[in-house]
Amino acid sequence: MTLTLFVGAIINMLFLASMYILIALGFALLFSIMELLHVAHGVIYMLGGYLCYSLSVTLGMNQWLSLVLTVGIICCFGPVLERFFFRPFFRDFDRTLLVGIGISTIIETTMALSKSNEAQSLRAFATGILKMGPISVSNERLVTFLIGALLLLAVMWLIHRTKVGLQMQAVGQDLEASLLQGINIYRISALACVIACGLAAVAGSLLGAYMGLGPFMGDFVFQKALVLVVLGGIGSIGGIFVAGLVVGGIDAFLPLFISGSATSALAIGIIIVVLLLRPKGFFGREMGF
Amino acid sequence: MSDAVSSARDEKKGSRLGPFAAVALIVLVLAAIPLLTDSPYLLHVLNLTFLTILAAVSFRTIIISGQFPLGHAAFMGIGAYASGMMAKWLGWSPWITIPLGTLVATAIGIVIGYPFSRLRAVYYAMVSLFFGIAVVQIINAGGVLSGGYSGLTGIPPLMGFSKTPYYYLFLIVTLVSLLVLYRFETCRVGTTWKAVAQSYLIASSVGVNEAFYRVYALAVGCFFAGLSGALYAHYNFTIGTSSFDFVATMMFLMYGVVGGMFSFAGPIVGTALLVLAPEAARGLKQYVPYISAGILLIVVYGMPRGLIGLPGMIKGLFARRAKDGAGRAYHAS
Amino acid sequence: MLSKKRVHSFRVVVAVLAVAFFVFGTVASHAASEPKKIRVGLLVGLTGWFSVPGNIELTECKTATEMVNDRGGVTIKGEKYLIDLVPEDMKSSNEGTTAAVNKLIYDDKVQFIIGPSAFWGPASAPLCEANKMINVLGYCANTPGELDKNTPHRLLAEDGTMGHTYALIKFIKKNHPNVKSVAIVNADDGAVPYLKPLIAKALQENGISVAGDWVLFPNELVDFSPIASKLAAVKADAIFHPNGIDRHVGPILKGLRETGDERWYFYAGVSPCSNIKTFAGAGARKVVSLAPTPGAPGNPPQLEEFIKKYFAKSKPGAALIIQNSSAAYVLPQILQAAQSLNADDILKALPKIGNVETLWGPGHMAGEKTYGIRNAVVHPLPSQYLDDKGVQKFGGWMTDVNVP
């Protein structure tokens, strides 16, 4: 393997890791920390992308301003999510799963029916290519990587250093004890949902610019986010970071050696073997059930 | 005293007779349908419904042992592809490859069952989910042998192209399989499964070999899923991995929850409704997904015990009202 | 009083009889002049991941059918017939296709079936062949069972992967004669093992060699940068992509340009350059596609009419596919040429049918060597490209496309 290919693969790995982490963060906040299974994460991600498109392309606003506005608007879904999709089915995973699927189906079908041309994309958030020797990265990927890294650090700081973060962890780890401590679980859950929606909106907008939009663009999100959360370990955001690098590394390097669909098969095979050897994931805690 | 005892015994016999009579009646009606209708399409839809019911009930069988097999549809796929590929490439008769395909699915279920059964519930669910994805990806990477992403075509039919022979075969197979699964659940094995599901510690403290029973449940579930898949392959003549992915497993969960997971008949009712309703609504074309999603949301939000629990739920509503009324009457006097 | 009642009732009887005769007369005369209908089933993806192109195809097929009916439909043995399109949703999947075929044959009782297009060709074969149902495909990717000598009732109304490949090779020879080797990239679907030898031969016959092995990616791939890196490392004069969609081509192109690879990207598919541009962003340049350009010189009048009629009933911005609609346009002509609605008669008449008019221009029946059966309609293909500044230009019509 040549140096160019190797360096290219390293860069792809870092970018893929940041991309996967970006889409997994909102999901991880809800599932990993608070044990709320948010299947509709992909749909919120998609809506975020389309909303940013409507603001920036259709209405012509500045794209960064659109991004901020999109986050603000999508965050408003948070309390709705908590009240109507999580609270009625607290800790009932079957129903939470199915409700998420039902809502996703309805929203995706509606979006698909409203589109006459599927090819839509946000303009790149940053243009130009950065060249350093054999390395050549588009500024778009750099910006996505940086924002992903920043958001990861922000969420880790939130979880481990702020009062609300600790409350979220408490609710996820031991519900009864949190109630006894006087934590308002509904308000904390709503806050977590708000943040998760905002994270999904950012991911949808950034990746909607990088990969283009589509009514079904959120379909892959649930699977990838779940892989990262399970591999990283329930209860650990730092685990998402390591898991992101691992999965990103597999996805960046395997195609160089193996062709075609076998790469997906092998990638998930590796993940299964890791989970069998270490079911808790890299840094996970024991699940409460 | 002896009168009370004998009348109690008679009552028990009578209560057992009721559901038995109902099932017999349904079976008679189903058996008569090909004679009453001239639409092969109705038979086709019912054929698919029978096979799906088989798979959905086998899904529930694993669930009652406390495991959450989110990769269950993959075993349908293993049965289907094993049987289809053997028949297509080796030229064996489908009557041989279908049992073989079923056994392959069961064998794989047992092989992965042991390492997987050591995991706690939610971890098992995740690994099962990923295993399901892995099976789909492996089949997609199968190149010429499995047809890859484009699917396996040219599968020899089991009994020609007319729908009626398949109808009776699937009706009988499904009926027998459901009876077997019901027997499993109500006899000692089933009770052990439920015990293992309830408490890991207590079951083993009574001397139950948890791992063995969990793998046992998985094997039984995979057997019937594989059978369903293998029959499907030789009925549909073409199969693709999109029928056996995570979405398909979610459909089994959907059928079970909508029907009522607590009851054996739950997945049967749920499957029948959620397969037949979109078919009947085909005229809505692009809007059909709203029907299934709508039914799902209504049941999940409104009926905690699913459709089978609906009569009980309604009775409960009236009982409560009666109780309140009685209380008010008491206070009034 | 009695006589008044009798007169009154007599008037009522006369009135009723008059109305009855009038109604009967109208109905009878209407029925006599009402043209008969031919029920043609359409397999199209109205739900599922391919639903946006699928819904576009539905409108396209309705447009094509309208054009055929406006010209008087089909006249067989002096009897006039209009086409009645019966769409069924195949749910963007293989099992959805077989379910829809079952519905069309056994419930809707159609006489012919159009579609599927894109990836799902093989799924409709077993049932259609078993029921001797003539099935006109909108696309063919050369997978076994899709179109071969074991499927005599299958027709192909669009050039398919091989036809598109031949057309693209002609484009390369005409406009890029210095390209002598190509790196091939494609999605890893089941057709690839069967396409490899055919495409290698077609390229070789025109003096172009295939560099290395095909770069394949799984269909559900999300990020194409590893594929772009791999492709950029293959030493060849240009990139060749036989079959795919804009969602694949755009990101690969973007990744390629990012690594500094400035080679021409020849794409033999139907997604227009405008869509590729959307997904390729800053990398959108030096790419060729075989999509039609409205109003371009050389566009046959039926194509212009089709485009005009399509956008009259649909929102702007749709990317035309013209696969299933090719079938909708070609089938009536085959029926007319065979002068029969009976499948056996039509198959007997097929060898005598040479030229067929398609939406893409004049076509002819061919495909004996490529498919094993002379059931494919081969037609010209247009080309369009983005130049080295990313400006879209019309690339001309490839009129001598031949699928042997």
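Chain C is divided into domain 1 (36-159 + 297-380) and domain 2 (162-295 + 385-398), with bounds that come from an automatic or database domain assignment. The model is predicted, so that local features are given only at pLDDT of at least 70 and side-chain atom pairs only at pLDDT 80 or more, whereas totals for chains, interfaces and linings use all residues. Residues are numbered from 1 along each chain as its sequence is written, and chains are lettered from A and ligands numbered from 1 in the order in which they are written.

The centres of domain 1 and domain 2 of chain C, taken over C-alpha atoms, are separated by 27 Å. Their contact takes 17 residues from domain 1 of chain C and 20 residues from domain 2 of chain C, two residues being in contact if their C-beta atoms, placed from the backbone, lie within 7 Å. On the side of domain 1 of chain C that touches domain 2 of chain C, 11 residues are nonpolar, five polar and one charged. In this division Ala, Val, Leu, Ile, Met, Phe, Trp, Tyr, Cys and Pro count as nonpolar, Asp, Glu, Lys and Arg as charged, and the others, Gly among them, as polar.

Helix 6 (residues 192-205) of chain C has 14 residues and reaches 20 Å from its first C-alpha to its last. Helices (H or I, at least four residues) and strands (E, at least two) are DSSP runs, numbered from the N terminus. The buried residues of helix 6 of chain C are V192(C), L195(C), I199(C), A202(C) and L203(C); a residue is buried if 20 or more other C-beta atoms lie within 10 Å of its own, exposed if 12 or fewer, and partly exposed in between, with C-beta atoms placed from the backbone. The face turned away from the buried side carries the exposed residues P197(C), K201(C), Q204(C) and E205(C). Just after helix 6 of chain C, G207(C) takes a positive phi of about 75°.

The contact between chain B and chain C takes 26 residues from chain B and 28 residues from chain C. On the side of chain B that touches chain C, the largest share, three residues, comes from helix 2 of chain B.

Note on methods
The expected span of a helix is 1.5 Å times one less than its number of residues.
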